[in-house]
Number of protein chains: 2
Amino acid sequence: MKLKIALTCPDADAAKPWRNALTTQLLALGADAEIALWPERFADPDYALVWGAGQGFLDAHRGVKALFTLGAGVDGLLKLDVPAAMPIIRIEDGGMAAQMAEYVCHAALRHVRQFDVYESAMRTSAAGGGAWQPLEPRRPAQFPVGIMGMGALGSRVAQALQAFGFPVNGWSRSAKEIPGVASFGGEASLDRFLQASRILVCMLPLTPDTRDLINRARLQQLQSPGYFINVARGAHVVEADLLALIDSGHLAGAALDVFREEPLPASHPFRAHPRIALTPHTAAQTLIDESAQQIAHKIVALERGESVGGLVDRSRAY
Amino acid sequence: MKLKIALTCPDADAAKPWRNALTTQLLALGADAEIALWPERFADPDYALVWGAGQGFLDAHRGVKALFTLGAGVDGLLKLDVPAAMPIIRIEDGGMAAQMAEYVCHAALRHVRQFDVYESAMRTSAAGGGAWQPLEPRRPAQFPVGIMGMGALGSRVAQALQAFGFPVNGWSRSAKEIPGVASFGGEASLDRFLQASRILVCMLPLTPDTRDLINRARLQQLQSPGYFINVARGAHVVEADLLALIDSGHLAGAALDVFREEPLPASHPFRAHPRIALTPHTAAQTLIDESAQQIAHKIVALERGESVGGLVDRSRAY
């Protein structure tokens, strides 16, 4: 028997490596598969893989056994009409946890050690005279990090930060037991979590509950001067509030990978801000080989009637 | 009995915190000490602590039981006339290993993940139109790091890099056994070490053998495009060779904390080079409290006739 798999990607260049990797990984598990690149389609597909799916694709695949998303976030997909009973399965890790750990450790170390300040002083003095002042040493122990969202990615980031001696607080819907992490759960503990933190890292899923969560009132509770790192979604943040608190000095700056409008408009005030470091939504890119292997394993498990991880809970929206 | 300790620092502002910390730490160990700040002096001092000592200070303290240096490198001290039999004891770690791990991980991650490239593209497009292209993902596994100098600091850096998935090669006079590190020892293995590495990290002591070691012939052997990180001494590197190899593209760039002339002259070609990140010899600052505690423990041990770590081997010059 041959599995029929439908795949949609933003464009054909993106889709082909996915088709190749998935075919290879399924074959390695002894599964023979045919993969159609949308708008090419099967009459009776078994599974659908979506990256930036439109409603037309979803309507054409209402009968599949499961929808796989090619990323960790499902906020875009859940804005569309997906049959209520259809299992949605997201990528778990797929190399993203390691990338998130790299991004957050880089940003946190750069801020604590003031490498950005030194680098720019050394440049400036090319014109001027040769700045050569050591600043007061700052150590990770002085910068407790608060991570919002303690799933697979958040936990890995916590562990990487701890190895550098950062104290770590974790906040999530329900408090998690993670060695060495001070855990906070739910709305009631959010103030205490923020007050215990100086660097705030947003790793939340985007849901109606978390949209606009990071606003002036929340950011103001961070130990000052604080710092903000966003690797989740732009819509978690009230951008004007973030800017105001950086300009007032309550926050020393921010490292942002995601924005309310993407691509970030050329005229956006973040663009030229000297205390905001920007990257274009690349903190964690889906790694095709690792993710295709994960999806192949899950398809084979589903075919055997087994359960798989990464199933989206529609009531929580992640 | 009261110990008499002589202390010299570049200036009194630097000396006072050392005097306070050392007095406190010795008292905590039950040792009573009087500490003179040079040019104030004792007739018969027991120990001398030096940071940037001049010959006058050394001549006035030829009778001490040991000279403690307030840093890891002793190349400056060994240019002066120090009695051959005088034990010289350097800081071991003293918080410097952790700082070196921070510096090198930050620089290596910044290069591998191209955060510098993204940040500057995002800035440039403030004027232009809004660059938003993800580059091909690059992973630490593709960037084997070669560390030259595998003492206490080098080993700690190796461990921190390994946690991010960097393959690590270590080179030192004699090969060290460090879990997970491919170890190379001595001149004969230097070519193989360089050829196995893509990011080169210099953590060597500066001795007649290591001066100018990092030249065109050595850098050319790195996997290309390579990267160079120097947290040791500027005189390890032939700066013109480094520049030529960056400009030819054999190396993608460098992160430099140390220079042949310090402060780095305002007109030096490193200053404005777009692919060289600069810091002003601050990769690892001596942390007074941790170092004073270490020195206090060693003084108490020496008073008891015990041996201590960090003794400089004058025949090796480190």
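Reader: How many residue pairs are in polar contact across the interface of chain A and chain B?
Author: The rule finds 22, with both residues at pLDDT 80 or more. A polar contact is a pair of N or O atoms within 3.5 Å; within protein, one must be able to donate a hydrogen and the other to accept it, and residues adjacent in sequence count only if both atoms are side-chain atoms.

Reader: What sort of model, and what conventions?
Author: This is a predicted model, where local features need pLDDT of at least 70 and side-chain atom pairs pLDDT 80 or more, while totals for chains, interfaces and linings use all residues. Residues are numbered from 1 along each chain as written, chains are lettered from A and ligands numbered from 1 in written order, and side-chain values use heavy atoms, without hydrogens and water.

Reader: Which elements of chain A touch chain B?
Author: α3 (96-112), α4 (115-127), α5 (152-163) and β12 (276-278) each supply at least two residues. The largest share is from α3(A), with nine residues. Helices (H or I, at least four residues) and strands (E, at least two) are DSSP runs, numbered from the N terminus.

Reader: And by class, what is on that side of chain A?
Author: 31 nonpolar, 13 polar and nine charged residues. Ala, Val, Leu, Ile, Met, Phe, Trp, Tyr, Cys and Pro count as nonpolar, Asp, Glu, Lys and Arg as charged, and the others, Gly among them, as polar.

Reader: How many salt bridges between chain A and chain B?
Author: Four (a side-chain nitrogen of Lys or Arg within 4 Å of a carboxyl oxygen of Asp or Glu). One pairs Glu102(B) with Arg113(A), closest N and O atoms 2.9 Å apart.

Reader: How much area do chain A and chain B bury?
Author: About 4,300 Å², 61% of it on carbon and sulfur atoms. That is accessible area (1.4 Å probe) lost on putting the two parts together, summed over both.

Reader: Which residues in chain A lose the most area to chain B?
Author: Glu102(A), Trp132(A) and Arg271(A), together 18% of what that side buries.

Reader: New topic. How many cavities of 30 Å³ or more?
Author: Four in the whole structure. A cavity is a set of points, on a 1 Å grid over the protein atoms alone, where a 1.4 Å probe fits but cannot get out; lining residues have an atom within 4 Å of a point.

Reader: What volume has the largest cavity?
Author: About 70 Å³. Points are joined across faces, edges and corners, and a volume is the space filled by probe spheres set on them.

Reader: Which residues line the largest cavity?
Author: Both chains contribute, including Gln99(A), Thr282(A), Arg113(B) and Tyr118(B).

Technical notes: 1 Å grid on protein atoms, 1.4 Å probe; cavity = no way out; pocket = protein on both sides within 12 Å on 5 of 7 lines; lining within 4 Å.
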